[in-house]
Amino acid sequence: MSTEHTQQHNNSLDEIIARRYAEVEEIRQLGVTPYPNHCDKQISCQQAKDSPEGAEAVTAGRLMQLRLMGKAAFAHLRDFSGRVQLYIAKDNLGDEPYAFFKKHIAVGDFVSVTGHVFVTKTGEKTIKVTQLTLLSKAIRPMPEKYHGLQDTEVRFRKRHLDLIANEDVKEIFVKRAKIISSIRKTLDEKGFLEVDTPILNPDSGGAIARPFETYHNALKMPLFMRIALELYHKRLIIGGMDKIYEIGHMFRNEGIDTTHNPEFTMMELYQAYGDVNTMADLFDEILGNAAKAIGAEKIHFRGYDVDLRPPFKRLYIPVAWKEKFGHDIHEVLNGRHFNRAKLEEVAREQGVKFGPNDSDSSIFDELFEGKLLSEYHNPVIAMEYPTAVSPFSKTKPGDPELVERFEVFVNGQELGNAYTELNDPADQLQRLKDQAVAKAEAKGEDANNADILDADYIEAMESGMPPTGGMGIGIDRIIMMLTGQDSIREIILFPTLKKLDESENEKKEEEKK
């Protein structure tokens with residue numbers, strides 16, 4: 001669309017807004033309040049629709065469709081529960097109220113209605129309106145009613161319009177709430193205690209990720225928005241809180257793509273006297289119950305049918321590696337590191353392309369996730385990872401080249417990660433030092449001056465920590481999978497977006513039209 005046409009559209013919108021503000025003043029001059037304080041809504045729109053013929057209905061919502069036919073009109077009223085048809089006739093409403101309705105009520109306005117339920121000739125439950133009250137006059141026009149709001153940039157930036165225009169979007173977030181509620185119910189019933197830990201931390205510890213940094217003026221100190229929960233949670237385990245979980249927002253100052261948002265929802269849980277196998281059994285229950293809660297026990301995801309009824313397959317990586325590649329996984333391992341020559345040999349056999357600058361772990365990931373996992377579409381709990389890709393995990397007794405860790409995958413999408421947690425303070429101290437060095441190197445800083453991330457945590461661990469199982473679950477990832485969405489932005493009400501200046505807005509309008 002040309003700049004001239006875009007300008008004409010903007011002028012047209014400005015004219016509509018100006019007319020509606022003038023109409024609000026006209027309504028006030030009639031002695032009618034266009035934005036009253038109170039509404040006596042007694043039932044929802046869906047309840048009205050479910051009421052028996054002849055029942056009185058007092059409800060309210062937004063007018064979504066309006067079809068005027070002289071002395072009568074049909075309309076659809078919608079609230080969060082659903083929509084119900086209205087029959088608004090001059091004979092039932094009265095001359096003056098009907099005249100007001102025809103002149104001043106439009107699609108997009110909120111109204112309350114009183115009437116009785118009847119069934120039309122087409123068999124649709126309808127409210128025969130005897131009283132109609134304006135609750136809120138909409139100043140801006142609603143999105144185009146036949147095709148809905150399709151532009152993803154507009155949908156995510158103006159979620160209120162998305163929810164008005166696209167009723168299926170609401171269902172995604174209803175399911176999101178049910179999934180999270182199911183997870184809480186599963187854990188609460190198993191004796192877990194929900195806890196809250198700080199979002200602002202003096203250190204960015206708990207994982208390797210770039211944090212968001214802020215500054216506290218009164219304390220004169222930098223603070224970091226949390227990237228993980230584990231160090232606080234383990235303090236609680238040490239203190240005697242045996243089963244805990246937290247569902248909350250994490251913040252990582254890194255890239256954005258279809259599966260990553262800087263602000264995202266995670267759950268971490270810890271169980272004293274448990275281990276990685278305890279966590280695998282618990283994951284079965286969590287995901288199975290969440291799928292059942294929204295009727296998604298069998299779904300179609302990423303081109304394949306997926307069965308979400310537990311128990312889920314335990315995929316022991318050393319066994320699967322041998323079956324798939326014909327090699328013992330220990331051939332490509334060398335203590336806490338990979339045997340590069342052997343790893344490259346397997347990669348060449350499997351047609352995995354790599355170069356001299358590709359890391360050992362990236363080659364392993366191509367083999368494991370790209371070749372081995374690609375054969376599995378139902379949920380798999382992949383267990384016994386090489387120590388070389390899990391340097392902060394507890395090693396398997398009798399085999400220091402493997403760790404007690406699992407990751408969960410559904411059709412290639414990772415959903416969760418679990419461990420038998422470290423509880424040896426000396427071992428943990430060394431690994432925190434290694435992590436600090438890795439972070440310093442990633443920032444281009446002198447690794448020799450790297451400080452460990454949380455010395456207080458080591459002090460707490462020296463008080464004694466029982467054997468513990470821990471698990472982290474990507475709540476957003478599970479919701480994406482269960483609702484069949486490929487983009488994380490579809491399941492976050494207000495995803496992080498780049499701010500548009502006026503020129504970018506104008507360009508976006510031209511591209512859209």
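# Working chat: strands, turns and charges

Author: In this predicted model, β7, β9 and β8 form an open sheet of three strands, in the order β7-β9-β8, with antiparallel pairing.

Reader: Which are the edge strands?

Author: β7 (200–201) and β8 (213–216) are the edge strands. Each pairs on one side only.

Reader: How many bridges link β8 and β9?

Author: Four bridges. β9 covers residues 221–225 and runs antiparallel to β8.

Reader: Which residue in β9 stands opposite T214?

Author: L223 does.

Reader: What lies in the loop between β8 and β9?

Author: K220 is found in that loop. K220 has a positive phi of about 55°, although this residue is not a glycine.

Reader: Why flag that?

Author: Because most residues other than glycine have a negative phi.

Reader: K220, buried or exposed?

Author: Exposed, because its relative accessibility is 63% and exposed means over 50%.

Reader: Next, β12 and β13. How do they run?

Author: Antiparallel. Strand β12 spans residues 298–301 and strand β13 spans residues 304–307. Four bridges join them.

Reader: What is the bridge partner of K298 in β13?

Author: D307.

Reader: And the turn of that hairpin, how many residues sit between the strands?

Author: Two residues. R302 takes a positive phi there, near 55°. R302 is in the loop between β12 and β13, and R302 is not a glycine either.

Reader: How accessible is R302?

Author: R302 counts as partly exposed, at 39% relative accessibility.

Reader: Cis peptides now. Where is the P310 to P311 bond, and what is its omega?

Author: The peptide bond from P310 to P311 is cis, with omega near 5°. P311 lies in the loop between β13 and β14 (313–316). For context, most peptide bonds are trans.

Reader: Switching to charges. How many salt bridges does the structure hold?

Author: 29.

Reader: Let's take D79. What does its side chain meet?

Author: K41, in a salt bridge with 2.7 Å from N to O. D79 lies in strand β2 (residues 72–79), and K41 lies in the loop between α1 (3–29) and α2 (45–50), so the pair ties together parts that are 38 residues apart in sequence.

Reader: What about cover on D79 and K41?

Author: D79 is buried, with a relative accessible area of 15%. K41 is partly exposed, at 37% relative accessibility.

Reader: And D109? Which residue forms a salt bridge with it?

Author: K137. The closest N and O atoms of that pair are 2.8 Å apart.

Reader: Where do D109 and K137 lie?

Author: D109 is in the loop between α4 (95–104) and β4 (110–119), and K137 is in the loop between β5 (125–136) and α5 (152–157). So the pair ties together parts that are 28 residues apart in sequence.

Reader: Are D109 and K137 buried or exposed?

Author: Buried. D109 has a relative accessible area of 0%. K137 has a relative accessible area of 3%. The limit for buried is under 20%.

Reader: OK, E345 and K342. How far apart are the closest N and O atoms?

Author: They are 3.9 Å apart, and the pair forms a salt bridge. The cut-off is within 4 Å.

Reader: Where do E345 and K342 lie?

Author: Both are in helix α11 (residues 340–349). They are three residues apart, about one turn of the helix. E345 is partly exposed at 30% relative accessibility, and K342 is partly exposed with a relative accessible area of 33%.

Reader: Which residues are joined into one network?

Author: R155, R159, D162 and E490, joined by salt bridges that share partners.

Reader: Last topic, the surface. Which residues form the negative patch?

Author: D203, D456, E459 and E462 form a negative surface patch.

Reader: Where does E462 lie?

Author: In the loop between α14 (455–461) and β21 (468–474).

Reader: How accessible is E462?

Author: E462 is exposed, with a relative accessible area of 57%.

Technical notes. Residues are numbered from 1 along each chain as its sequence is written. This is a predicted model: local features need pLDDT of at least 70, side-chain atom pairs count only at pLDDT 80 or more; totals for chains, interfaces and linings use all residues. Side-chain values use heavy atoms; hydrogens and water are left out. Patches are made of residues with over 30% relative accessible area and no salt bridge: like charges are joined within 9 Å, nonpolar side chains (Val, Leu, Ile, Met, Phe, Trp, Tyr) within 5 Å. Accessible areas come from the Shrake-Rupley method with a 1.4 Å probe; for residues, only the protein chains shown count as cover. Lys and Arg count as positive and Asp and Glu as negative; His and the chain ends are not counted. The place of a charge is taken as NZ of Lys, CZ of Arg, CG of Asp or CD of Glu. Buried means under 20% relative accessible area, exposed over 50%, partly exposed in between (1.4 Å probe, protein chains only). Two strands pair if DSSP finds at least two bridges between them.
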